[in-house]
Amino acid sequence: MIGIHPDNQAPELKNYNVYASDPALRRAVERGGAQWRDAELVRQGAEYGAEATLRAAEDANHFEPELHTLSPTGERIDQVRFHPAWHTMMSIARRNGIANLPFFDDRPSAWSAHAASLYMHSQVESGSTCPTTMTKACIPLMRLNARLYSSTGPLLASLEHDARDLPLAQKRSMTVGMGMTEKQGGSDLRSNTTRAVPAGEGAWGTEYLLTGHKWFFSAPMCDGHLVLARTDERGATCFFVPRWRPDGGRNAVHIQRLKDKVGNRSNSSSEVEFREASGVLVGEEGRGISTIIEMATYTRLDCALSSAGFIRQAFVQALHYTRNRYAFGKALAEQPLMTELLADMALESEAATLLAMDLASRFGSAAPLDTAWRRVMTPVAKFWNCKRAVGLTGEAMEVFGGNGYVETGPMGRLFREAPVNSIWEGSGNVMCLDLLRAISRNPGDAELVLEHLQDVASQAPTVLAQVSKLRDEITRPAEALEREARRFTQRLALVSQACLMLRHASAEASAAFIGSRFDPDWGPVAGISSGTGNPAALLRAAWA
Ligand SMILES: Cc1cc2nc3c(=O)[nH]c(=O)nc-3n(C[C@H](O)[C@H](O)[C@H](O)COP(=O)(O)OP(=O)(O)OC[C@H]3O[C@@H](n4cnc5c(N)ncnc54)[C@H](O)[C@@H]3O)c2cc1C
């Protein structure tokens, strides 16, 4: 028996509803209180699965951005030009609220609504999530400078993508990027050398002139960037550096070259030099690193959400492919070993979605458990989902056989996209150390989180035993825990996922997740199942 295609080739997955076909996502949105967004998310889900969107996503990556440093008459313009498909993806992201929703909608549930859109967008085209999520993360910081915000607030609130390279006064909306990483260091921001010197009063407060460089400076066509630079008086400080100065001239942010990246190719990432570029203070002088860290909390949440999206897309593509490809007399999806592998991917996807969506839902709340959860679990979810996406996208590529390893299908781009979430916004080790710092700074937070996990795990002795280990481990001094920080972070991630599965997944899915993830044979290879349960039923429930 062979499939519906005469050559047994699986048809492209297209024209499906990314939202309506994802029961775990839809339930998470409801739990987050965002039912009010359901109809709009159904619309977005159809838009993300539509053939036209998939083609735009492909083109935006195939026709890569180009740098033009000089005009035909030799003036510096430092422009990056994009294929129109990039602007299509940017318009979709913007219209769907990815660049601003939770900061302009007072409902706490706006975080869940926004999270669902970002998770879907990442499944289809991830490059455009870079400038849009950076813009969103910058909003609370832009509010720290009241004069700056009075002119930029309406532009940040806009749902329109305005790609024109013009001074802010002439624009209908704006994007904001961030510039921290320099040649000598990205994780250790204390090593930043870019200098800022005061240069008198300007439209948005005291103006500073910045001299130095940034080694990674994504989306240089943004209308401005939040940049870390040192003042002689107080050290590391956060500045808003606009693309066009308030007086209408081009700012001296010179793009040296665009990075030739492994993936994320639709998005331009550059190296820049500041040659007395104009900037204004955002936050207190000398407190730049803690100001920037607030922004990083939001981008780290977005990395966890976006990687959950990658895992979901890897699973859905693998399931679709194997249902339509036949070998040894059956659809691949019905071969017992393939069914186990797919079911394991379904579990991984549901657990990743729960971890990220649950975290997002806590961003709108000031309750003590939610505050503690955000502080403790943001680095954990960022670490774990981003790491798991790298493995899972590779596994799904293999499920496609040779068709996975060519650029004529969706798997190559997904696979190349996955590692970047693990690198930027705090690489893996940095996340583990961040978790230890969160625990040592506020031990009560970790206690609250573990108490909650213990309550949920009371029904599941295997998970309960893991919570006890975590409770013992956090009493050790941070220095002693440092060498084992990856093991500790992994355990906390798995225990949290197990508890979320216990609370929100079917009894069958949570039993299979716990049975496999805490099995001593579980490890880097996907598809190590507990050998029990009904994998075919799990698959039917995972993709409606
Ligand atoms: C595509 C892309 C786009 C980017 N865009 C931007 C941007 O727009 N703006 C921006 O500011 N940056 C950007 N970055 C930079 C990114 O944030 C940094 O690369 C990242 O923070 C790591 O910094 P680094 O490259 O200097 O590595 P390093 O800081 O040298 O770290 C190297 C490795 O060492 C590990 N490490 C560091 N410290 C420790 C420690 N104490 N103990 C154990 N391990 C440790 C890290 O986890 C990492 O794995 C981008 C990067 C990429 C790949």
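Both F217 and F274 are buried (under 20% relative accessible area; exposed is over 50%, partly exposed in between; 1.4 Å probe, protein chains only). The model is predicted: local features require pLDDT of at least 70, side-chain atom pairs count only at pLDDT 80 or more, and totals for chains, interfaces and linings use all residues. Residues are numbered from 1 along each chain as its sequence is written, and side-chain values use heavy atoms, with hydrogens and water left out.

Aromatic contacts were examined next. Rings of Phe, Tyr and Trp (its six-membered ring) pair if their centres lie within 6.5 Å; planes under 30 degrees apart count as stacked, over 60 as edge-to-face and the rest as tilted. By this rule there are 11 aromatic pairs. F82 and W86 are stacked, at 4.9 Å centre to centre and 15 degrees between the planes. F82 is buried, and W86 is buried too. F217 and F274 make an edge-to-face pair, with 6.0 Å between centres and 75 degrees between planes. F217 belongs to strand β5 and F274 to strand β9 (residues 269-281), so this pair ties together parts that are 57 residues apart in sequence. Helices (H or I, at least four residues) and strands (E, at least two) are DSSP runs, numbered from the N terminus. Ring pairs also link F103, W111, Y298 and F363 into a cluster.

Two contacts between a charge and a ring follow. The criterion places NZ of Lys or CZ of Arg within 6 Å of the ring centre and within 35 degrees of the ring normal. K259 lies over the face of W215, 3.5 Å from the ring centre. The charged end of R362 sits over the ring of W373, at 4.1 Å from its centre.

Strand pairing was assigned from DSSP, with at least two bridges required between two strands. Strand β4 (residues 195-202) and strand β5 (residues 205-218) run antiparallel and are joined by six bridges. A hairpin of two residues connects β4 to β5. E201 stands opposite T206 in β5. Strand β4 also pairs with strand β6 (residues 224-231); these run parallel, with two bridges. Here R195 stands opposite R230 in β6.

Salt bridges (a side-chain nitrogen of Lys or Arg within 4 Å of a carboxyl oxygen of Asp or Glu) come to a count of 41. D302 and K136 meet in one of them, at 2.3 Å from N to O. This pair links distant parts of the chain: D302 lies in helix α9 (residues 288-323) and K136 in helix α7 (residues 129-142), 166 residues apart. D302 counts as buried at 3% relative accessibility. K136 is buried as well, at 0%.

A network of salt bridges with shared partners joins E12, K14, E51, R55 and E58. Within it, E51 bridges to R55, with the closest N and O atoms 3.4 Å apart. The two residues are four apart in helix α3 (residues 51-62), so about one helical turn separates E51 and R55. E51 is partly exposed, at 29% relative accessibility. R55 is also partly exposed, at 25%.

D105 and R107 form a further salt bridge, the closest N and O atoms lying 2.9 Å apart. D105 is buried, with a relative accessible area of 15%, whereas R107 is partly exposed at 38% relative accessibility.
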